[in-house]
Every structure is written in structure tokens, then in C-alpha cells.
Amino acid sequence: MDKKLMNSNKTSETGVPTNPTEDNNKPTVIDSIQQLGQTGVPASTESNIFCMTIIGQIEGHLVLPPQNKTTKYEHLIPQLVAAEQNPRVEGLLIILNTVGGDVEAGLAIAEMISSLTKPTVTVVIGGGHSIGVPIAVASSYSFIAESATMTIHPIRMSGLVIGVPQTFEYMEKMQERVVRFVTSHSGITEDQFKALMFKTGELNRDIGTAVSGKDAVKYGLMNEVGGIGQALAKLNELIGETKNVSSGGITQ
């Protein structure tokens, strides 16, 4: 019999085939992409920084058509919990290029990011529109690329709408939740944010404003114009400050 064939059929003392190329307990890269939309998860990362991407449309309680590029919030929430619990993860880098999506799903992600005890930095690359704005400002420090934009507009509803005053009151309360979160986690004032939200003539067939990278910083919505390099440098700086504080040191 061929020696190669004999070696491939070797079994351990317990009777389990020993193939060095197979590990049933370790998920493959393809599995991670299919299940989570990215190649790495907090539990298996070798770096002290976990990178999370939020791209396409944020999918909430309703499943979007298969041709849509989506980020499912039920995938992000377990990753955030895992990153918070993993002692090897010392900081999170969140990269956004999203058109927005489900309001409550976006707010849930933003609330989780803001409640993490570890340093977080967000980078808006391309666009951080609609409900992507609260997510962008939820971190410890935020960057936006010079060519990126953020669209600020009122909440909209699709599908069957009951034409009663309670419907509009509910929409107004949801809108206040967004306004309150953004203004409490950034330097923009409530009056300025609402002025951008209800501005007419800026967007075609809609109310709102498209804010560019420099303008987002000027309004106090984002902290700084920059990209991945600046974001990683800032995150490492925040991680260093956290270590100094936890060890009893004094930072200046």
C-alpha cells in the first residue's frame, strides 16, 4: 500500500482521524465571512485592537432584499459583547461606510458602542448617513475622511402609515431620541443639528443636509478629519492613557 495513503488514514489512540489540515473546533475564514461579514472575531484576534466594519445598509427587524449590501445588527451586538469581555482586546476601531437603515437597530449599536469601557474610535470612510450619524459619534473619538459625507435628515417611515396624530407624535419622539443621542455624544448643539436636519433646498426631493468632512468637524459633529492611520494612532494613545489610569499613574 502507498505510504502517503497510509499516513492519511492514521488515527489517534482514541480512534479519531488525525489530519493536521482539519480542525473542527476552529471556524474557517469562509465561515466567519458568511456568519459575521468579516474575517476576524474578537475571540481569535492576535492584535490588541479589534476592527469592526459597518457597511451598506443597517438591517433591523426586517430582512432586506439579497441584492442589498447590509450589516445585520444581530451580528454586531455579540461581537461588541465579546470584545468587551476579551481581556486581550484593549480598544475598538469602528469603520463606517453606511447609507443608514433601521433607526432602532442603529441606535442599539450606537448605545452599545458608547457604553463600552474600552477606548473606541470611529472612522467614517465614504459616508456615514442617516442613522449612521449616531453610530459615528458614539465612540470615544471620531474621525471622518476629507472626501466623506454625512447626511442629516428627519426620520422617515415606509409602508402602511395610520393617519392619526399619535403616529406623528411617535415619529417625533423617535426623532428626539436621535437628536438627544447625537448632541450628547458630540460637540454640536441641538439647535445647529436641527437646523441641518430641517434645512430645505440642500437635498433633491428631501429635507436635510449633506455635511462634508471639514464641515462635520466645523459643526462639532466629528472630532477630526483623518483616516485609518490617524485613527489607529489616536486609539493607541487612548489605550495608553487607560493603562496609566488603571495602574495608578498620572497622565498629562
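Predicted model: local features only at pLDDT ≥ 70, side-chain atom pairs only at ≥ 80, totals over all residues.
Residues are numbered from 1 along each chain as its sequence is written, and side-chain values use heavy atoms, with hydrogens and water left out.

**The protein as a whole**

The protein has nine helices and eight strands; helices (H or I, at least four residues) and strands (E, at least two) are DSSP runs, numbered from the N terminus. The average pLDDT of the protein is 84, and 80% of the residues score at least 70. Over residues 3–22, however, pLDDT stays under 50, and for this stretch the model has seven contacts beyond four places in sequence, a contact meaning heavy atoms within 4.5 Å. Of the contacts in the protein with a separation of 6 or more, 67% are between residues 24 or more positions apart.

Of the 252 residues, 38% count as buried, where buried means under 20% relative accessible area, exposed means over 50%, and partly exposed lies in between (1.4 Å probe, protein chains only).

Ala216 is found in helix H8 (residues 213–218) and is buried, with a relative accessible area of 0%. Not counting residues up to four places away in sequence, Ala216 touches Ile144, Met150, Val211, Leu221 and Met222.

Glu90, in the loop between helix H3 (73–85) and strand S3 (91–101), counts as partly exposed at 25% relative accessibility. With residues up to four places away in sequence set aside, Glu90 touches Asn48, Lys118, Pro119, Ile239 and Lys243. The side chains of Glu90 and Lys243 are joined by a polar contact of 3.3 Å; such a contact is a pair of N or O atoms within 3.5 Å, of which, within protein, one must be able to donate a hydrogen and the other to accept it, and residues adjacent in sequence count only if both atoms are side-chain atoms.

The table gives the C-alpha to C-alpha distances for two pairs.

| Pair | Separation in sequence | C-alpha to C-alpha distance |
|---|---|---|
| Ala216 and Ile144 | 72 residues | 8.0 Å |
| Glu90 and Lys243 | 153 residues | 9.3 Å |

Thr183 lies in helix H6 (residues 165–184), where the side chain of Thr183 reaches the backbone oxygen of Val179 at 2.7 Å, and a polar atom of that side chain lies 3.2 Å from the backbone oxygen of Arg180.

**Aromatic rings**

The structure holds one aromatic pair, formed by Tyr141 and Phe143, which is tilted, at 5.2 Å centre to centre and 55 degrees between the planes. Rings of Phe, Tyr and Trp (its six-membered ring) pair if their centres lie within 6.5 Å, and planes under 30 degrees apart count as stacked, over 60 as edge-to-face and the rest as tilted. Both Tyr141 and Phe143 are buried. Lys234 lies over the face of Tyr141, at 4.5 Å from the ring centre; a charge sits over a ring if NZ of Lys or CZ of Arg is within 6 Å of the ring centre and within 35 degrees of the ring normal.

Key
pLDDT = per-residue confidence, 0-100.
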